[in-house]
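Here are my comments on the model you sent.

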Amino acid sequence: MDSTKRINRLKEYMKEQAISAVFVFNPDHQFYLTNFKALIYSRPIIFHLQEKTAMIVPGLEETHALEHSHADDVLVYYEHPDAGRDETSHMEHISALVKQSPKSLKIGVDLAFIPGEVLLYLQELGYQVVDIGQFIYQMRFIKDEDEIHMLEQAGQLVNLAVSKSLAQIQAGTTEMEIDAAGNAALFEATSAQYPDSVIDVVVMSPSGLKRSIMPHVFSNTRKIEAGDVIIHSRQVGLNGYRAELERTVIVGKPTSQQEKAFQAAIEAQQRAIDFIKPGVKFSEVDGVAREVFEKAGLEKYAIHRTGHGIGVSAHEQPFLRYDHHDVVEEGMAFSIEPGIYIPGVGGFRHSDTVLITPDGCRLITEYPRDMESLLF
């Protein structure tokens, strides 16, 4: 990743907006700017940019930050008595850094992530605090060649994992066992193909008439039964970039209601994939998918947006929503996933990751989408 190019772009924006310094709290923004991401439990990690870049980290992340961060400085606070240093809190570093900024200029922060006490502290010192987070999101909208390559690699891995998980589906198998089959294949392939790499996995297979209408629930030990609807949902992140692939399956013969709903969900997704291209509005992509559900009389069950941006974050801007009217651009990446959730009938949602090309989109995930291929 070209951290220097991204930092320079952010510096240009700061100059245009008379912003003297920036504090960033969103871990995904930090990774995008510095290549550093750690597990954050209770110890804050902050990125700072003025003339130089710095990561403020707790002592237990010092070695990690020095090894992986592209920041100029690593500023450490310690929580043990033998450090030989005075800083015991991130606030001490923030206080020292902010005093370098003239009060005639602004301080930029990501308002959606900054803790309230830090925001109040900056304001009480007399600084005008402005949002920098949305600009960083906008920087992330368009993927460069390296990002696209990493997304494609993640797509290959998620394709493999989904195919192995779905092959495990039969009556008597648990949701967790379905997930485990894909996980095993994923871990083996990643270890063989990508030495010294990191993956992160989100996977769930809610099954049955009750659980499949809850879009986001963890898999459990429920055993699959004949007649079940299952939404197998999986994201795989490789070295910080992720792809998503989801498929709905039915175990046995669907009822007429299930067949109608399933076909509508398949058609809605295909319409959105066929329609999306540079120049169309996010809301229009949502509209063409929603129109399919309306014609089928199922619109009240379409309870979420048609899709979301994807890359560093599991869900990231921009969103394919009815009320988002900016336009699609070449180089964006989306998960396209219209869904419907009908009590007593089941949930129905396919998802695929697409990259926006000059005249449409290119799928980087692939598994059969037609109903006949998804009856087990």
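1. With which side chain does the side chain of Q235 make a polar contact? The partner is the side chain of R242, at 2.7 Å. Please keep in mind that this is a predicted model, so the distance is a computed one.

2. Q235 belongs to strand 8. Its relative accessible area is 5%, so Q235 counts as buried, the cut-off being under 20%. Leaving aside residues up to four places away in sequence, Q235 touches V158, D200, V201, V202, R242, A243, E244, H308, I310, A314 and H315.

3. The strand that holds Q235 is part of an open sheet of three strands, with the order 7-8-9 and antiparallel pairing. Strand 7 (199-204) and strand 9 (241-250) are the edge strands, each pairing on one side only. On average, neighbouring strands of this sheet are turned by 10° against each other, direction ignored. Helix 7 (residues 145-166) packs on the sheet and touches both strand 8 and strand 9. The direction of helix 7 makes about 25° with that of strand 9.

4. The pairing on either side of strand 8 can be set out in turn. Strand 7 and strand 8 (residues 229-238) are joined in the antiparallel sense over six bridges, and I199 stands opposite L238 in strand 8. Strand 8 and strand 9 are also antiparallel, and pair over 10 bridges. One of the positions to look at is S233, whose bridge partner in strand 9 is E246.

5. The hairpin of strand 8 and strand 9 has two residues between the strands. In this hairpin, N239 takes a positive phi near 50°.

6. Is strand 9, an edge strand, largely enclosed or open? It is largely enclosed by the rest of the structure, because 10 of its 10 residues are buried. In a regular strand the side chains alternate between the two faces of the sheet. Both faces of strand 9 are covered: one side carries Y241, A243, L245, R247 and V249, the other R242, E244, E246, T248 and I250, and all of these are buried.

7. Seven of its nine residues are buried, so helix 6 is largely enclosed by the rest of the structure. The buried residues are G133, F135, I136, Y137, M139, R140 and F141.

8. On aromatic side chains, a search of the whole structure finds four aromatic pairs.

9. Two charged side chains sit over aromatic rings. The charged end of K37 lies over the ring of F31, 5.3 Å from its centre. The charged end of R305 lies over the ring of F319, 4.2 Å from its centre.

Definitions and conventions: Residues numbered from 1 in each chain as written. Predicted model: local features only at pLDDT ≥ 70, side-chain atom pairs only at ≥ 80, totals over all residues. Heavy atoms only, no water. Pairing = 2+ DSSP bridges. Helix = DSSP H or I, 4+ residues; strand = E, 2+ residues; numbered from the N terminus. Axes fitted to C-alpha atoms, helices over the stretch in contact; angles between N-to-C directions. Contact = heavy atoms within 4.5 Å. Phe/Tyr/Trp six-rings, centres within 6.5 Å; stacked < 30°, edge-to-face > 60°. Lys NZ or Arg CZ within 6 Å of the ring centre and 35° of its normal. Buried < 20%, exposed > 50% of the residue type's maximum accessible area, 1.4 Å probe, protein only. Polar contact = N/O pair within 3.5 Å; in protein donor to acceptor, adjacent residues only side chain to side chain.
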